[in-house]
Amino acid sequence: MIYLQLFFTFFKIGLFNFGGGYAMISFLQNEVVYKQAWLSTAEFTDIVAISQGTPGPVGINLATYTGYTASGSVWGAAVSTLAVCLPSLLLLILAGKFLFATRQKYHVAWHLLRLTVIGLIAAAALTLCNGENFIDYKSVLLCAGAFVAVWKYKRGPVSVLLVSGLVGLLLY
């Protein structure tokens, strides 16, 4: 029974979310912490941090960990991972066939999609700021500085990450 619950929950997460793992964090938290109670809020916050440091997409890492925790077996991890990836694979195949057949470019839709993903990532960041976590002024200034470096001065992401890391090391 737990395997069906895992499959349907993560299939729904994979189907109704787009934009990558960071964009699905708030939806994942709602499903696995509040609705299904497979993880506590503290466990979820910890696994988000661990998922960022491990190889692979964050959403898939979260699905794998949650599946293992909920079922207590590798099969739960495999079912969750497959279920979260399956909708994207199916939609990608359908979209590829459609776009290949029409060969049209959808610039407006692409820009709307980008804005939507930015909003979802911002929502995920705010969701992770629960009672145990907080945003301090140094983090906000560091984020604003990185944004200005990329947006206004057109600096590359690697140099911005390196400088941000050094500044963060000095601040904290």
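Lys12 counts as partly exposed, at 29% relative accessibility (buried means under 20% relative accessible area, exposed over 50%, and partly exposed in between, with a 1.4 Å probe and protein chains only). The structure is a predicted model, in which local features need pLDDT of at least 70 and side-chain atom pairs count only at pLDDT 80 or more, while totals for chains, interfaces and linings use all residues. Residues are numbered from 1 along each chain as its sequence is written, and side-chain values use heavy atoms, with hydrogens and water left out.

A salt bridge was assigned where a side-chain nitrogen of Lys or Arg lies within 4 Å of a carboxyl oxygen of Asp or Glu. By this rule, 2 salt bridges were counted. In one of them Lys12 pairs with Glu31, with 3.2 Å between the closest N and O atoms. Because Lys12 belongs to helix α1 (residues 2-16) and Glu31 to helix α2 (residues 25-35), this pair ties together parts that are 19 residues apart in sequence. Helices (H or I, at least four residues) are DSSP runs, numbered from the N terminus. Glu31 is buried, at a relative accessible area of 1%.

Glu31 also forms a salt bridge with Lys35, the closest N and O atoms being 3.3 Å apart. Both Lys35 and Glu31 lie in helix α2, 4 residues apart, or about one turn of the helix. Lys35 is exposed, with a relative accessible area of 53%. Through salt bridges that share partners, Lys12, Glu31 and Lys35 are joined into one network.

How values were computed:
Helix = DSSP H or I, 4+ residues; strand = E, 2+ residues; numbered from the N terminus.
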